[in-house]
Amino acid sequence: MSAPPIDPHFRVEVLARTEHPQTLCWWAMHQDYSENFVFDEDPPSESEAGTLLIKHLLAGERGHYGPLEHPAITFNVGGFPHAVMQQARTHRVGVSFDVQSGRYTGKRILDVCTGDRDAEEVFYLRPVGTYRDRQGKKYDYTEDQRIVHRIICIDSAGRYKLALENGFSEEHARDIIPYAIRQDFVVSFHLRSLLHMFDLRFKKDAQLEIQQMCELMWPHFASWAPEIAEWYEKNRLLKGRLAP
């Protein structure tokens with residue numbers, strides 16, 4: 001069973017990131033063992049720092065991940081359904097979120113009613129295909145079923161519009177909007193917490209859409225901390241090991 005394609009509205013972009021993250025981790029690791037004030041010492045190159053971190057911290061699952069908590073990266077994540085944001089926000093240690101409000105961003109829902117936006121710009125529907133439930137049992141998601149779900153989303157937008165016209169507040173009217181609503185957010189990780197996210201959400205039994213979020217984060221991570229990413233890919237990626 002091949003993996004479904006990534007939805008064209010899913011996006012992950014980098015807003016900011018610590019420069020020379022592996023060097024920063026090396027500084028932290030080196031201070032743990034150095035007799036000297038490490039500011040006064042010349043660090044290795046960024047690539048060499050990554051190699052030394054692997055040798056002294058990561059190889060052999062030594063478990064000393066503290067120095068990885070210093071560098072940070074901030075992503076803008078867009079187009080994913082509300083459920084992905086809810087799952088991502090269960091990661092609270094070393095992670096910060098700001099999330100698109102359902103109270104202040106209802107115009108996009110109204111745009112579905114007027115035809116100014118296609119329904120699938122605002123609501124997410126899985127591609128037609130074969131999926132598995134949590135027990136591993138296969139089921140088919142057909143084109144007819146998907147059409148019905150699209151109609152339900154469009155109908156909910158119309159009911160939302162009617163509720164506002166009847167004087168409902170935005171936070172009350174949104175109660176009838178389905179989980180399929182897309183929700184953008186900004187999220188910052190330190191390097192250790194990002195590896196923790198990958199351990200738990202990139203593995204094959206995680207929800208499909210949050211796996212795809214991790215898949216879109218991965219190339220940004222690999223270009224930011226390449227030696228650590230290469231080690232992680234060989235030793236932990238998709239293995240579902242206990243997160244550090």
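Colleague: Why is Q183 called buried?

Modeller: Bear in mind that this is a predicted model. The relative accessible area of Q183 is 10%, and buried means under 20%, so Q183 counts as buried.

Colleague: Where does Q183 sit in the chain?

Modeller: In the loop that runs between α7 (170–173) and β6 (185–190).

Colleague: What makes the pairing of Q183 with Q100 a polar contact?

Modeller: The side chain of Q183 comes to 2.9 Å from the backbone oxygen of Q100. The cut-off for a pair of N or O atoms is within 3.5 Å, so this pair qualifies.

Colleague: Which residues is Q183 in contact with, leaving aside neighbours within four places in sequence?

Modeller: V77, F80, H82, M85, V99 and Q100. Contact here means heavy atoms within 4.5 Å.

Colleague: And how much of the protein counts as buried?

Modeller: 41% of its 244 residues. The protein exposes about 13400 Å², with 51% of that supplied by carbon and sulfur atoms.

Colleague: What share of the contacts with a separation of 6 or more comes from residues 24 or more positions apart?

Modeller: Those residues account for 73% of them. As for secondary structure, the protein has 10 helices and six strands, and the C-alpha trace spans about 70 × 40 × 25 Å along its principal axes.

Colleague: How far apart are the mean positions of the positive and negative charges?

Modeller: They are 7 Å apart, for 29 positive and 35 negative charges.

Key: Residues numbered from 1 in each chain as written. Predicted model: local features only at pLDDT ≥ 70, side-chain atom pairs only at ≥ 80, totals over all residues. Heavy atoms only, no water. Helix = DSSP H or I, 4+ residues; strand = E, 2+ residues; numbered from the N terminus. Buried < 20%, exposed > 50% of the residue type's maximum accessible area, 1.4 Å probe, protein only. Areas by Shrake-Rupley, 256 points an atom, 1.4 Å probe, with all protein chains shown as cover. Lys, Arg positive; Asp, Glu negative; His and termini not counted. Charge placed at Lys NZ, Arg CZ, Asp CG, Glu CD. Polar contact = N/O pair within 3.5 Å; in protein donor to acceptor, adjacent residues only side chain to side chain.
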